[in-house]
Amino acid sequence: MNNRKPQRKNHTKSTPNTSPSRRNHKPAGKSGSYRPEAQQRSHTLDKAPSKTYIVQEPAELLSFLVEHVTGMGRNSIKSALARGQVSVNGIPRTVHNFPLEQGQTVALSKEKVAPVVPLTGLRILHEDEAIIVIHKDAGLLSVASAQEQEVTAYRQLTAHVRREHPYNRIFVLHRLDRDTSGVMMFAKSEAIQQEMQQAWKEVVYERTYIALVEGQVKKDAGTITSWLKESKTLKMYSSPYPNDGQHAVTHYKRLQANRHFSLLEVRLETGRKNQIRVHMEDIGHPIVGDKKYGSKSKSIGRLGLHAQVLSFIHPVTGVLLRFESDIPKSFLNPFRE
């Protein structure tokens, strides 16, 4: 966890912060490097000339079109939206109140855009030429091995970016376990991936999880430190010997508790495999539904771990972005009367 405290404004959920940059970035000159969003085009719109409009100030999509498109009435514009003829930064949009931001490009095509295959188990919170930030549902794999054919976040997002160009790719920055829900991020070029991973501790300001654990945690807050290793059965564990394994530090704060369960806010200082799951077992409060790490409860029908907040410095613009996902309702049920 980065201990620096950047100046930043209040954030809304899943909304980038527009606070001043703390670092100066320049677009990379490598293949697949960042390009200004206004230059982005979808290959689906290349078949016919499109009218394009640059957004000068925040607005909703339908209102923006009604104001700027001449020769079309409101109903005709609604029909064009429904037919997929409107795109924002090359991505087809059909929602009337889709929020537009300054600098984006809105295009109105004469041809109907090919229908977009819906994403399963995830939704995109933010996308630009450098990164994609998503919310992943519990049960969806982040990435699968080459031998597995299961639907994953990685495969769906690869198909998503290739609608713009068949050679586009995405690159893994970090992972969430299959049964962990919440915010995660991918890079859209290898250069961005390498830059962010090499400076992960400096660019990632906050990674906050919500954990529903068994039993009543007595302390209001605490820090767990250990050295993690992986067994032959691929289970992570804390070594009893100092400096034996990967150093892992987890901070937690109790939000709610009763005799049977505790709801914790967990902040990662390091990001090791299964770190939170191991550390919760270490203090005698395994995560609900985590049979692998000592849980005996199946009260919510899933793993009680959710990646709530991800805050980081954008690798190109240098702007501090913060994305937040609501606590799953099932995590709160054990505390309702």
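For the class counts at the first stop, Ala, Val, Leu, Ile, Met, Phe, Trp, Tyr, Cys and Pro are nonpolar, Asp, Glu, Lys and Arg are charged, and the others, Gly among them, are polar. Keep in mind that this is a predicted model, where local features need pLDDT of at least 70, side-chain atom pairs count only at pLDDT 80 or more, and totals for chains, interfaces and linings use all residues. Residues are numbered from 1 along each chain as its sequence is written, and side-chain values use heavy atoms, with hydrogens and water left out.

**Stop 1: the pocket.** Select R175, G271, R272, K273 and N274, which lie nearest the centre of the second largest pocket. Its lining has 14 nonpolar, 10 polar and 14 charged residues. (A pocket is an open set of points on a 1 Å grid over the protein atoms alone, where a 1.4 Å probe fits, with protein on both sides within 12 Å along at least five of seven lines; lining residues have an atom within 4 Å of a point.) Which strand gives the most to this lining? That's β11, with five residues.

**Stop 2: β11.** Now select 204-214, a strand (a DSSP run of E, at least two residues). Here 11 of 11 residues are buried, meaning under 20% relative accessible area with a 1.4 Å probe, protein chains only. β11 pairs (at least two DSSP bridges) antiparallel with β16, residues 305-313, over seven bridges; look for A211 opposite L305.

**Stop 3: another sheet.** Finish with the open antiparallel sheet ordered β1-β6-β3-β4. β1 (50-54) and β4 (91-92) are at the edges with a single partner strand each, so one side of each has no neighbour in the sheet.

How values were computed. Buried < 20%, exposed > 50% of the residue type's maximum accessible area, 1.4 Å probe, protein only. Helix = DSSP H or I, 4+ residues; strand = E, 2+ residues; numbered from the N terminus.
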